[in-house]
Amino acid sequence: MGSGSSPATSRGRHSQSTTAPAAPGADGPQDSNLKAHMKGRHLVMMSLGSAIGAGLFVGSGAGIAAAGPSVLVSYVVAGFLIILIMRMLGEMVADHPTSGAFSVYAGRAVSPAAGFAVGWLWWVQLIIVIAAEATAAAQILVSAWPIAPQWLLALIFMIIFTAINLIGVGQFGEFEFWFSLLKVAAVVVFLVIGGLFVIGLLPTAEAPGLANLTAHGGFMPNGIGGVAAGLLIVAFAFGGIEIVAVAAAETEDPEKNVGRAIRTIVWRILIFYMGSVAIMVLAMPWNDENLLASPFVAVLNTAGLPAVASIMAVVVTVALLSSLNVNLYGASRMIFSLSHRSLAPAALSRTNPRGVPVAAVAFGFVTVGLNYLWAEEILGILLNIVGSTLIVIWSMTIVSHLVLRRRAEREGRDLVLRAWGYPVLSYVALAGMVAVVILGMTVPGVRQQILLTAGLFALLWIIGAVLAKRRGVTRFRAPEEFDDPAAMPR
């Protein structure tokens with residue numbers, strides 16, 4: 001399904017044949033150190049798979065526990081915001097695909113310090129999340145087959161997925177294509193079985209009908225506060241969907257394929273998230289503890305299909321490992337981009353003949369150290385620190401879009417993909433993010449997350465400003481901004 005065009009031709013005006021790190025402040029052309037070997041079908045399926053991870057398979061239970069059946073309202077609000085944000089991000093990616101994605105856009109729109117802070121914040125988040133995913137997957141396997149210590153299983157996972165990342169982006173894309181296809185198929189099967197169960201066409205159990213929507217304290221058992229708490233959980237559950245922006249730099253014909261991936265986001269959220277959660281709150285009482293532990297498995301057990309539920313438990317493990325694989329890829333590309341912009345150690349920008357930033361990928365083994373040296377409680381504290389990083393990333397994406405879109409219109413440039421309702425819906429999305437922060441500040445645990453993340457972001461911004469000044473990074477420049485092609489960084 002890929003375009004079949006060569007990287008040199010498919011990259012259009014963004015192409016450049018550099019093989020060494022760019023000069024300080026350069027942006028965009030350094031991505032040609034990477035290889036545009038990911039096909040369109042890889043990116044589209046990865047965009048599907050990114051919406052189906054631990055946030056859906058595991059995190060949806062926490063949202064239901066907080067809001068009850070009214071968690072559906074939380075999903076509508078959060079889904080609307082994510083659709084707008086991803087459309088804005090898609091506009092910027094289609095116009096200028098780069099492995100630094102939202103970090104580069106923040107740097108071009110605001111300042112190099114902003115790009116530094118956004119890039120490093122996202123990288124730190126991914127490294128910690130990778131450790132958590134490796135821990136969760138290892139725990140599932142250890143509970144079923146206690147054949148090795150948890151840290152050793154995490155090490156094995158890292159070796160396997162580091163090898164997959166190192167053999168080349170084309171192979172990574174193919175592997176993730178099948179991983180994502182399995183997850184999509186599992187959710188479709190769940191939706192079919194759950195739907196049949198709810199309407200009474202499944203002979204293995206009595207149909208619940210619509211009773212569970214109101215039978216246990218009403219549709220909104222925890223009031224508007226529950227909906228607000230559910231909104232925060234749901235918003236965080238969408239994390240990872242932005243990885244498509246990073247992968248676009250290594251995709252054939254990114255302008256075309258990014259548009260294809262972004263355009264699917266509406267029905268992805270409606271069908272996979274809204275559909276799955278609707279089945280959960282219809283099939284079982286919202287306060288059932290089994291829903292909190294493993295909602296997909298709990299529904300299938302309630303439907304009288306324990307064998308299918310066991311298979312789904314394996315799929316949940318696969319989903320965690322798939323997320324680990326994609327996050328390892330995303331973290332390596334972000335640190336690679338920061339290095340090329342002289343905002344990270346230079347060694348992290350070196351690539352092997354397959355176009356893979358080896359040192360950046362190998363950084364993933366930091367997670368094994370976290371797993372081995374620190375108990376799960378420490379990982380929980382680290383996750384708490386970065387738990388609200390997505391608020392920062394998405395808010396900066398909106399700000400970057402507002403600035404860069406205004407700049408593009410001033411220059412009279414045509415955009416391949418346009419965000420909806422600019423600038424009204426862009427400001428609506430920004431107001432929505434502010435509302436999420438205000439709601440979060442009313443919840444003690446979330447307030448701590450927001451304050452810690454804000455402190456970390458401010459610290460990174462200061463470090464970025466100092467580093468940019470020392471290294472002469474005044475602003476990021478795209479290839480088309482150079483009047484003399486010979487002056488472009490080599």
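**Notes on cavities, helix packing and backbone**

1. By class, the lining of the second largest cavity consists of 5 nonpolar, 1 polar and 1 charged residues. The model discussed here is a predicted one. The residues that line the second largest cavity are Leu84, Arg87, Met88, Ala419, Trp420, Leu425 and Ser426. Two or more residues of this lining come from each of H5 and H21. H5 gives the most, with 3 residues. The space in the second largest cavity is about 30 Å³.

2. How many cavities of 30 Å³ or more does the structure hold? There are 2 of them. The largest cavity contains about 50 Å³ of space, and its lining is formed by Ala78, Leu81, Ile82, Leu231, Ala235, Phe238, Trp394, Met433 and Val436. By class, this lining has 9 nonpolar residues, with no polar and no charged ones.

3. Which helices each supply at least two residues to the lining of the largest cavity? They are helix H5 (71-95), helix H10 (223-237) and helix H21 (424-440). H5 accounts for the largest share of that lining, 3 residues.

4. Helix H8 (residues 150-166) packs with helix H9 (residues 169-199) at an angle of about 125°, and their axes are 8 Å apart. H8 is therefore oblique to H9. On the H8 side the contact is made by Phe161, Ile164 and Asn165, and on the H9 side by Phe172, Phe175 and Phe179. The residues of this contact comprise 5 nonpolar, 1 polar and no charged.

5. Helix H12 (residues 254-263) is mostly covered, with 7 of its 10 residues buried. These buried residues are Pro254, Glu255, Asn257, Val258, Gly259, Ala261 and Ile262.

6. Thr397 is part of helix H20 (residues 389-411). Is this residue buried or exposed? Thr397 counts as buried because its relative accessibility is 3%, and the cut-off for buried is under 20%. Apart from neighbours within four places in sequence, Thr397 is in contact with Ile85, Leu89, Met92 and Phe102.

7. The peptide bond that joins Tyr422 and Pro423 is cis, with omega about 0°. Pro423 is located in the loop between H20 and H21.

8. Ala101 is not a glycine, yet its phi is positive, at about 40°. The residue sits in the loop between H5 and helix H6 (102-109). Because its relative accessibility is 0%, Ala101 counts as buried.

9. Ser342 likewise calls for comment on its backbone. Its phi is near 60°, a positive value in a residue other than glycine. Where is Ser342 placed? Ser342 lies in the loop between helix H16 (306-340) and helix H17 (358-362). With a relative accessibility of 13%, Ser342 counts as buried.

Notes: Residues are numbered from 1 along each chain as its sequence is written. This is a predicted model: local features need pLDDT of at least 70, side-chain atom pairs count only at pLDDT 80 or more; totals for chains, interfaces and linings use all residues. Side-chain values use heavy atoms; hydrogens and water are left out. Buried means under 20% relative accessible area, exposed over 50%, partly exposed in between (1.4 Å probe, protein chains only). Helices (H or I, at least four residues) and strands (E, at least two) are DSSP runs, numbered from the N terminus. Axes are lines fitted to C-alpha atoms, for helices over the stretch in contact, and angles run from 0 to 180 degrees between N-to-C directions. Angles under 35 degrees count as roughly parallel, over 145 as roughly antiparallel, 65 to 115 as roughly perpendicular and the rest as oblique. Contact means heavy atoms within 4.5 Å. Ala, Val, Leu, Ile, Met, Phe, Trp, Tyr, Cys and Pro count as nonpolar, Asp, Glu, Lys and Arg as charged, and the others, Gly among them, as polar. On a 1 Å grid over the protein atoms alone, a cavity is a set of points where a 1.4 Å probe fits but cannot get out, and a pocket is an open set with protein on both sides within 12 Å along at least five of seven lines; lining residues have an atom within 4 Å of a point. Grid points are joined across faces, edges and corners, and a volume is the space filled by probe spheres set on the points.
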